[in-house]
Amino acid sequence: QAHGQGLCRILGFAPLAREGQAMAKDVRKPEFWNKFMQRPEVQAAMRSKLKYESFAEQAQRTKLDKLERKQRRYEIMHELMQCATNVKHLISPMFRYKITQQYLWKVLCEARKEGLLFCDKLREPQVYHRLMAIKAEITAGPYGVAGWQAEEEVEEDLMDKMVVEADCIPGGIDGEAPDRKQVLDRREIQGVLDFGQQIKTEGNEAFANENWEGALTRYCQGDEMLKNFRAEPHLEKENKELKTMHRACLNNKANAALKMDQWQNALRASEDALRIKQDDEKALFRKAQALESLGRTDEALEVLDEVAQIAEDMDEEIREAIMEDVQERREEIKDIERKAAQDYRKLFKAMGDKEVFGGGRFLADGTSPPPALTGAEERRLKQMKDKQEYFEAKQKYEMQQRIKEGKPAIEPAKDPDMPTPNKPAAPGYRRMERTRTITKAQAEQLLDELLETYSADGFQKKVHADAKAVMFEMQPFIRRLKKTAFTVQEPLLSKWGFDPSEEGLQEMMVCLSDHTLRNTELRKKADETTKMLYGGEDGMYGMES
């Protein structure tokens with residue numbers, strides 16, 4: 001009886017009191033349990049328990065399905081990275097949608113079953129047209145896909161990778177990915193190879209006719225084209241042909257540059273060829289020639305030693321030809337060094353005969369006395385010493401006064417300010433002694449030049465970049481702006497006879513302020529100059545306070 005009542009409580013209801021005696025008699029008989037399970041309250045309790053179990057199973061199944069879809073996405077992405085760029089460009093905008101992922105998984109399974117590459121399967125007409133149709137359905141908005149098919153489900157790292165590969169910019173936007181190239185399929189890469197071979201042939205013909213400039217132009221065109229492309233990874237033969245052709249084009253480019261005395265261009269081309277193949281004897285030999293012509297003879301001899309080491313593993317006939325060329329270059333380099341030493345000896349002998357290092361001239365080793373100063377030089381030296389003594393005494397006096405007033409001995413550094421024509425005196429900075437003045441016409445001309453310099457697109461871009469870098473905070477921006485602005489202010493300082501330093505800039509602004517404070521038109525022009533100095537409306541102008 002206790003067992004039967006406990007079972008009733010587990011199922012969520014209490015047994016009737018009058019049934020207690022009957023339960024004690026019938027609880028061990030099958031007829032009791034058959035009759036018990038037919039009761040409405042027992043059937044309702046069992047249904048609720050089954051319903052709860054079905055919800056739990058459904059949640060577990062949903063979780064497993066989500067994990068399976070994630071695994072499929074990574075498998076699809078791995079296969080897509082082996083495809084051409086035009087395929088990635090087609091799939092990239094719609095990869096996040098479930099309808100696209102489901103169809104790509106179906107295509108991948110069919111490709112594996114048929115023993116095909118995923119990229120080849122995607123190029124089949126019916127598959128490619130279906131992808132185009134899915135893209136059209138997605139872009140159709142509410143009249144296209146709907147329901148679960150329109151749901152987005154993708155990891156951000158996958159989408160970032162897909163977007164970068166689909167919008168492939170060879171080398172990266174700012175050169176941050178030098179190895180990134182546009183991936184082409186078999187048909188497209190064959191067109192590149194054919195065109196590259198045509199350019200190489202035309203360059204070789206121009207080189208044979210001693211048309212060095214024409215040959216260099218064709219080789220440069222071939223280099224610019226071939227370095228931006230590669231074939232799909234499974235096209236090993238085409239990728240090998242592309243690298244071989246690019247390397248040959250670079251070697252020919254270096255040779256043509258040597259003929260035109262473009263040593264730096266030849267050195268860069270040979271180093272690019274060596275990045276493709278490190279033991280390319282032709283590229284190493286061209287590099288040695290370029291280094292020799294640039295006067296870097298020690299480096300040239302080291303490169304020639306590398307060529308000699310590589311030649312040891314070649315056939316005897318080829319090795320002898322290479323070693324003859326290497327030995328010839330070594331002898332020429334030694335002759336150059338020997339002739340240079342003789343020329344230097346003759347030069348120093350002639351200078352000694354003419355007493356270039358005598359006559360009271362000061363030598364670096366200290367064996368001769370310093371030259372005698374003229375009267376003007378002595379007065380200038382005395383003036384500089386007196387000025388230095390005055391400033392030292394003044395600084396000492398100011399420190400004593402600050403200590404008496406209970407202030408720090410050294411005045412703490414103030415935040416930097418930017419001198420402008422209408423506000424030339426920067427707080428915390430000492431005014432220098434005036435060395436020159438300018439007329440009103442000169443002030444107007446100088447303001448025009450400053451306005452033109454500050455309004456240049458290159459300068460404005462740098463100012464806006466400085467403002468963004470410091471989150472548009474004024475004092476850090478001023479510290480950056482002083483460095484940025486001085487690069488364009490320095491030529492004007494030298495042109496107008498001011499010292500190319502911070503003190504010279506301060507003096508120039510003081511000279512301008514002599515006129516801007518008295519002339520309304522010049523003051524307005526000075527304000528416009530200050531506005532462009534701070535980056536205009538899109539920069540930090542108006543935020544000084």
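Tutor: We may begin with a definition: a polar contact is a pair of N or O atoms within 3.5 Å. Please keep in mind that this is a predicted model.

Student: Which side chain is joined to that of R329 by a polar contact?
Tutor: R329 is found in helix α16, which covers residues 316-353. A polar contact is a pair of N or O atoms within 3.5 Å. At 2.9 Å, such a contact joins the side chain of R329 to that of E332.

Student: Is R329 buried or exposed?
Tutor: Leaving aside residues up to four places away in sequence, R329 touches F285, Q289, E292 and L304. Buried means under 20% relative accessible area. The relative accessibility of R329 is 15%, so this residue counts as buried.

Student: How many helices and how many strands are there in the protein?
Tutor: The protein has 545 residues, and buried residues make up 35% of them. Among contacts between residues at least 6 apart in sequence, 62% join residues at least 24 apart. As for the elements, the protein has two strands and 22 helices.

Student: How are α10 and α11 oriented to each other?
Tutor: In general, two packed helices are described by the angle between their axes and the distance between the axes. The axes of α10 (residues 186-208) and α11 (residues 212-226) come within 7 Å and cross at roughly 165 degrees. Angles over 145 degrees count as roughly antiparallel. Therefore α10 and α11 are roughly antiparallel to each other.

Student: What is the handedness of the crossing in which α10 passes α11?
Tutor: Residues of α10, including V192, F195 and G196, meet residues of α11, among them W212, G214 and A215. Where α10 passes α11, the crossing is left-handed.

Student: What is the handedness of the crossing in which α19 passes α20?
Tutor: The axes of α19 (residues 457-469) and α20 (residues 474-495) come within 9 Å and cross at roughly 165 degrees. These two helices are therefore roughly antiparallel to each other. Where α19 passes α20, the crossing is right-handed.

Student: Is F459 buried or exposed?
Tutor: F459 has its place in helix α19. Not counting residues up to four places away in sequence, F459 touches T453, Y454, L481, T484, A485, V488, M532 and L533. The relative accessible area of F459 is 5%, so F459 is buried.

Student: What distance separates the C-alpha atoms of E490 and L505?
Tutor: E490 lies in helix α20 and is partly exposed, with a relative accessible area of 35%. Along the chain, E490 and L505 are 15 residues apart. Their C-alpha atoms are separated by 8.3 Å.

Student: How many disulfides does the count come to?
Tutor: A disulfide is a pair of cysteine sulfur atoms within 2.5 Å. By this rule the count comes to zero.

Student: Which cysteine has the sulfur nearest to that of C119, and which the one nearest to that of C249?
Tutor: C119 is in no disulfide, and the nearest cysteine sulfur, 4.9 Å away, is that of C83. C119 is buried, with a relative accessible area of 5%. C249 is likewise in no disulfide, and its nearest cysteine sulfur, 8.1 Å away, is that of C220.

Methods
Residues are numbered from 1 along each chain as its sequence is written. This is a predicted model: local features need pLDDT of at least 70, side-chain atom pairs count only at pLDDT 80 or more; totals for chains, interfaces and linings use all residues. Side-chain values use heavy atoms; hydrogens and water are left out. Buried means under 20% relative accessible area, exposed over 50%, partly exposed in between (1.4 Å probe, protein chains only). Helices (H or I, at least four residues) and strands (E, at least two) are DSSP runs, numbered from the N terminus. A polar contact is a pair of N or O atoms within 3.5 Å; within protein, one must be able to donate a hydrogen and the other to accept it, and residues adjacent in sequence count only if both atoms are side-chain atoms. Contact means heavy atoms within 4.5 Å. Axes are lines fitted to C-alpha atoms, for helices over the stretch in contact, and angles run from 0 to 180 degrees between N-to-C directions. Angles under 35 degrees count as roughly parallel, over 145 as roughly antiparallel, 65 to 115 as roughly perpendicular and the rest as oblique. A crossing is left-handed if the near helix is turned anticlockwise from the far one by less than a right angle, and right-handed if clockwise.
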